[in-house]
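The text follows the structure shown here.

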Amino acid sequence: MNIIFIAPPAAGKGTQSIKIKNNYNLEHISTGDLLRIAAEDNTPLGKKIKSMMEKGVLVNDEIIIELLEKKLSSESNYQGFILDGYPRNIKQADYLEALLNKLNKKINYVFYLNADYETLKQRIVGRVVCPACGATYNLLVKEYNPIKEDVCDKCHHSLIKRSDDNENTFKNRYDSYLTNSLPLIEYYKNKNILYEIKGNNANEVYERITNIIDN
Ligand code: ADP
């Protein structure tokens with residue numbers, strides 16, 4: 001079983017990916033995480049990736065496609081994969097389809113998550129993440145505060161703020177989503193694999209997703 005998410009920044013695709021991969025033994029492939037690792041390299045390519053991410057614009061298709069091809073072509077013991085953050089435009093979707101055809105695989109579910117602009121902005125501006133286990137918290141929303149301000153509740157690693165989680169970059173990321181990624185909804189609707197999931201609460205969203213998969 002292979003899954004894709006289409007969602008604006010901070011709509012919860014990372015959170016849902018982690019819950020789903022554990023439940024169904026899927027490999028979680030986050031292009032954002034792959035790029036954050038590549039951006040740490042002190043090379044011209046690493047620096048270029050870092051600067052594009054900090055601006056909130058899409059990294060070049062060629063770079064992202066190469067990272068993805070490596071990942072999807074390597075052996076895996078999982079029951080399938082979740083693509084979190086890919087595709088982000090039609091060109092990437094076409095490329096994915098060609099690659100999966102070659103590998104004799106296909107996408108089974110495309111989950112479309114959404115939330116309104118102000119909610120997303122608040123989630124981004126207050127968000128802190130654990131670089132070790134991927135848990136996320138929000139310093140502006142009491143219910144999602146970590147117990148100790150800078151420490152992960154789950155694994156006790158220090159929490160960090162992503163350098164692209166600020167108001168300016170958020171606006172660019174959101175605009176990029178509207179321009180580049182929204183057309184993917186029609187694209188996958190036409191293939192009959194698109195499922196729109198409504199709800200603001202992570203558990204409720206998760207329940208709706210598992211209901212679709214299990215039935
Ligand atoms: P979010 O979806 O919350 O914006 P991600 O971690 O998925 O966060 O992505 C962060 C940044 O990484 C994006 O703003 C973009 O610069 C880059 N990125 C991630 N995935 C892709 C992709 N498929 N194509 C191009 N750029 C990407």
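Where is the place of Thr31? The model is a predicted one, and in this model Thr31 belongs to helix α2, which covers residues 31-38.

Thr31 has a relative accessible area of 3%. Because the cut-off for buried is under 20%, Thr31 counts as buried. Beyond its neighbours within four places in sequence, Thr31 is in contact with Ile64, Asp84, Gly85, Tyr86 and Arg88. Thr31 is also listed with Lys13, Arg36, Val57 and Arg88 as the closest of the 20 residues that surround the ligand.

**Packing of helix α2**

Two packed helices are described by the angle between their axes and the distance between the axes. For α2 and helix α4 (residues 61-73), the angle is about 105° and the axes are 11 Å apart. α2 is therefore roughly perpendicular to α4. On the α2 side, Thr31, Leu34 and Leu35 take part, and they meet Ile63, Ile64, Leu67 and Lys71 of α4. By residue class, this contact of α2 with α4 has 5 nonpolar, 1 polar and 1 charged.

How do α2 and helix α3 (residues 44-55) cross, and what distance do their axes come within? The crossing is at roughly 130°, and the axes of α2 and α3 come within 8 Å. This makes α2 oblique to α3. Gly32, Leu35, Arg36 and Ala38 of α2 make the contact with Gly46, Ile49 and Met53 of α3. The residues of the contact of α2 with α3 divide into 4 nonpolar, 2 polar and 1 charged.

**Polar atoms at the ligand**

| Protein atom | Ligand atom | Distance |
|---|---|---|
| Val59, backbone N or O | nitrogen | 3.0 Å |
| Arg88, side-chain N or O | oxygen | 2.8 Å |
| Arg173, side-chain N or O | oxygen | 2.9 Å |

**Backbone features in the loops**

Which residues does a cis peptide bond join? The bond lies between Tyr86 and Pro87, with omega at about -5°. Pro87 sits in the loop between β3 (81-84) and α5 (90-102).

Asn25 is not a glycine, yet its phi is positive, at about 55°. The loop that holds Asn25 runs between α1 (13-24) and β2 (27-30). Asn25 has 35% relative accessibility and so counts as partly exposed.

Asn104, also not a glycine, has a positive phi of about 65°. Asn104 is in the loop between α5 and β4 (109-113). Is Asn104 buried or exposed? With a relative accessible area of 72%, Asn104 is exposed.

**Leu113 in strand β4**

Leu113 is part of strand β4. Leu113 is buried, as its relative accessible area is 2%. Not counting residues up to four places away in sequence, Leu113 touches Phe5, Ile6, Ala7, Pro8, Ala11, Gly12, Lys13, Gln16, Ile197 and Val205. One of these, Lys13, is also among the residues closest to the ligand. Leu113 and Tyr86 are 27 residues apart along the chain, and their C-alpha atoms are separated by 14 Å.

How values were computed
Residues numbered from 1 in each chain as written. Predicted model: local features only at pLDDT ≥ 70, side-chain atom pairs only at ≥ 80, totals over all residues. Heavy atoms only, no water. Helix = DSSP H or I, 4+ residues; strand = E, 2+ residues; numbered from the N terminus. Buried < 20%, exposed > 50% of the residue type's maximum accessible area, 1.4 Å probe, protein only. Contact = heavy atoms within 4.5 Å. Axes fitted to C-alpha atoms, helices over the stretch in contact; angles between N-to-C directions. Parallel < 35°, antiparallel > 145°, perpendicular 65-115°, else oblique. Nonpolar A, V, L, I, M, F, W, Y, C, P; charged D, E, K, R; others polar. Near = heavy atom within 4 Å. Polar contact = N/O pair within 3.5 Å; in protein donor to acceptor, adjacent residues only side chain to side chain.
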